[in-house]
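I opened my notebook to this structure and listed what to look up.

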Amino acid sequence: MESVALVAPVTALEFAGNVLLAGTGPEVVAFWLNGSGPAAAAGRRSVLCEASVQGLRAEPGPGSATRVVVFGGRWLAVLAVRHGGADGGPRLATCSGGTARELRARVWEVRWAAGRRLALALGGGTVALYEWWGGGRWLRQASCGGAGALRCAVLAGVGWARLALAAGTAMGAVVVWRAAAAKAPQRQLCGHQGAVLALCYAASRGLLASASEDRSVRLWAVGDLGGGDGSGACLLVCYGHGARVAAVVLRGLLPVSAGEDGACLEWDGGGGVRRARRGHRGALRALALRPAGGRLATGGDDGGVRLWQPRRAAAEAVSAVAALGVPERPRAVLLAGPRRVLALGEAGGLATFEVDQGRWAPVLHPTASEPRAVLAAVPLRGWDETLCALAGGDGRLLLFALSRPGAAAELKLFEGPVHRLSWAPRPGLPPDTAAALLASGPDGEMLWLDVTHRLGQAPSVQLMGRYLLPPCKQRWHTCAAFLPQEGLLVCGDRRGSLILFPCSSSSACAAQSIVNGGTDTVVEDSSNELEPSWLLQKGALPLESPLSVLFGLHGKTGVTSVTIHRGYIYSTGRDGVYRQLRLQDQQLEVLQKHRPCKGLQWIEELHFTSDGDLLVLGFHADNFVVWSSRTGENIHCISCGGGHRSWSYCSSPLAEVFAFIKSGDVMLYHRKAEPCEQQVLLASLHGRQITCVRRLGAVEVPGRATFNVFVTGSEDTMACVLVLSENSRAAVPLARLSDHISSVRTLALSMGPGDEGLSALLFSAGGRAQIECYRLLCTGDTASESAVACQVIHVASHRLDKHWEQKKNRHKLVKMDPETRYMSLSVLPGTSIKQLPTSWKFLAAACSDGSVRIFGLLEAAQKLVLVAESFHHQRCVLKVEAFLHTWAGGERRHLLCSAATDGSIAFWDITGPIMDAVDALHQAEGEMQPLALDAPLVTVMAHSCGVNSLHIRETPEGRYLVASGSDDGSIHVCLLEVALGRGEAAAGTSLQVLERVSRPCAHAAHVTGIRVLRPDLLLSASVDQRLTLWNQRPGELVPLSTTFFHVPDLAELDCWEEVEAGGELRYYCVLCGQGLEMLCGTAPPNLLHKRLPSEGVGV
């Protein structure tokens, strides 16, 4: 089998002229730096055979082609980066004589020497001069004694006489030798308390930077390494990383480091952090600096590569927060564009601050009566104008244009106070002259007003609708949005509910007749003589009731915003999540909830940018944060005291502005807008090990290739739906599922009918005994970068501790262990039950507490119920597989296979419990007490220790091949036959084991993946990074081929087959662990020369 796509940790980075090279697994990926514009992927090439790229070193000097040495482990190769590839970009080619070759020891460092020579730092402290051209030839070498175990190295000097080696040791010292006198170290630099993991030497300045696993970076004055001058004094000690420091470079006189905490830190002259760059999902492993232009590149365990643009010194400084000195103690603050601040005083006065002029100007004077307390404003497009709305406790509304506050419309809306005002753009209204205003009053009444700006006159107002909010303690709306082309209004309230109202044409017609048929309600100079007529006209409109209510969707703290984007509804709240919804038959349906980043307790608003990014505005502790979902970093972080006080944010092409109230004054944060500092070259996948993978299927996109869609789960608590392309050999995430609170250990799919794409139910489970269920729909989308769109609907969830809390008399029971983990899931096939009006699906789970559990899912009611369980194994159950047996007469039996840590495999008939569960669920309307599973039919001791992989395949004869792999590296295959017992004594299902085949030491490590491809063909994968194809014959397993794959710590594999255009059958498999790799191979001819035995021994 051969590799067709690979996602691996990025372990090396190097700039070669206008090209950035990244080492990921055995491959080198090239990105073309097109001037100051965005970088673009230029090509990918597999270079090393059985090692990951640990270093890339470009040959210095000008030229149309740049040579780059690639090394990792014992392997070394030389590439040529030539221009003239696709779109004028670079292309990678192997130099003559530069093919990958295996050397005698591990390569720690390489430096280009004169001619076709390389200076090498090898394992054991050996320095060598090597001619790479042709077949390769060793010229000189010297062994440096007294070093101990090396962890990194750097070479310096020209010529053998001045060639010097500085190496970081496992004991925390940096040792320096000269190649010409290598028997004893020339110098030893001590100070680190842990192993030195990275070094960087600047010969022109005589500086050496070191990074260590003690989380520190040190800067040393070493002078010329080869000449022996320099004191070796430590100039700087930098602490700031939260984990080991994996890479370091020198920018001028100061270091820049990358650590396993995912941060890239730039240090100042005092050892403090000058600039922190974050965005990767996992540990950083590689760092590179481009001297020309100062760009930084970072790469890490998440498989991502990011390019960072340098910032000007003025931009790097923290933008100051200035106090504006408002004339009246402020009650509310609002931004009317990036250059104007509105402040409403506690006495009811309104003032404006012009940023360009730097002074306050009064707009409205304080009122002698009830002070105004509610302020809302909306800028108009195409006009340097803002519509303002003010209201207070007397129920009056004041509407005016900011440039002409004297020409105002004053209306009596309510007999009680106005609790909330908000503007919302409405389809059908010209955005440059009009907007819709929503006002909440007493008893949950909400009014919809259309307000139109008239040049030189007071705004005109039309009452369009009256609505009644659901009963609650704080009964007013907090935000609203009109659905385009739907005639509907969505609003959120202070109780955290999301409410759908009609805004039909009948209401508009009624309002039109009321406003135009009665006395004009628009008055000049704040006249209030017509207020009684307005109240009478308002009363003629009916109060509309909600069409749909999602009560308390965002908890008791309230909904903060509602946004419409690409036909979906997005709501945010102070519960720290935002939700994606859709409209289904005039009902609001929650599709998915998202928790964008850790620690963001309060989400205020979502901004969808034109370049496809999603900006999340919210509060982290007492800081206002703008977080980018594309780059995974905080774009802004402003200390403001928290979101409970009045504040306002405005983003424009000119500036980023944030105003807030603090210490009785208005504070202003103002920063000029700049291009995005960070560019994502390779998308991040998972921050930690991928623990499970399932192939969802293939999506055909017109005019483009067929794309394979996968779902992965990881220890980083995320599940990810992604596209893995054979053309680009890279992965593109489509959706991230963040509902788990612990690691995701297992996935299961139930495919459904998809008329326009792939449709499936996805079950994910892992730590904290948590199961989540989603409906996935993947379709082709030529407009998107990935060419595939994925819609995710959250269906149901289940946690055993919540189930325990609902039990009666639970004080008499033993509480379940909160550390219980689901190790494996399997969907029971063919469980559509005709007796029920709705369809139930059943799911089997292997649990770490020694139980096998069966769950029932009713998708329509969004219920996931525990229906049966058994603690037969009495130890951790590692794997479950469900299969369906059908006799010739149509009678079915649901069978289950479970495997535990003692090497036993048990076979169950769960048909009876499933039918009993169906009846109980039907009678109890979806609630029941778990049933007890019967004893297993057969238990087979297949291995001497834990079973890490399990697969079942039906043969053409109606029997079942059960293949398993174990911790001890063995493979076991047994052939089962299902029989129906005859007579009362033998009634029920019986199993016969016809044949058992075992292959001890099939692999050198745990067998974590196994698949029966055909009755005579078996595929196994192990932590030893070997993928082996076996011929299964009666009584033996014969290896056919072995392929090395590049995913360390293999966790799981999935397989499928495809028929090519010429009729050739090809097998594909995907492997996950510390990365993700897809391989394919052709099917060998049928190798089963002997018939399988028809009789065996009954067990």
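**Aromatic pairs.** I am working with a predicted model. I searched the whole structure for aromatic pairs and got 19. I then looked at one of them, F619 with F624. Their ring centres are 5.5 Å apart and their planes meet at 65°, so I logged the pair as edge-to-face; the cut-off for that class is over 60 degrees. I checked burial too: F619 and F624 are both buried.

Which residues do ring pairs link into a cluster with F619 and F624? I noted W602, W647, Y649, F658 and F660 alongside those two.

**Charges over rings.** Next I looked for charged side chains placed over rings. I found R104 over the face of W138, with 4.2 Å to the ring centre. I also found R116, whose charged end sits over the ring of W133. There the distance to the ring centre is 3.7 Å.

I checked what the model shows in each stretch.

- Residues 189-220 are 59% strand and 0% helix, and the C-alpha atoms at the two ends are 8 Å apart.
- Residues 277-309 are 52% strand and 0% helix, with 11 Å between the end C-alpha atoms.

I picked out an open sheet of four strands. Its order is β27-β28-β29-β59, and the pairing is antiparallel. Which strands form the edges? I wrote down β27 (284-289) and β59 (678-682), since each of these pairs on one side only. From one strand to the next, the twist averages 20°.

I followed β27 to its partner. Strand β28 covers residues 296-300, and it runs antiparallel to β27. How many bridges join β27 to β28? I counted five. I looked up A286 as well: its bridge partner in β28 is G299.

**Whole chain.** Last, I took the totals. The protein has five helices and 88 strands. It has 1099 residues, and buried residues make up 57% of them.

Technical notes:
Residues numbered from 1 in each chain as written. Predicted model: local features only at pLDDT ≥ 70, side-chain atom pairs only at ≥ 80, totals over all residues. Heavy atoms only, no water. Phe/Tyr/Trp six-rings, centres within 6.5 Å; stacked < 30°, edge-to-face > 60°. Buried < 20%, exposed > 50% of the residue type's maximum accessible area, 1.4 Å probe, protein only. Lys NZ or Arg CZ within 6 Å of the ring centre and 35° of its normal. Pairing = 2+ DSSP bridges. Axes fitted to C-alpha atoms, helices over the stretch in contact; angles between N-to-C directions.
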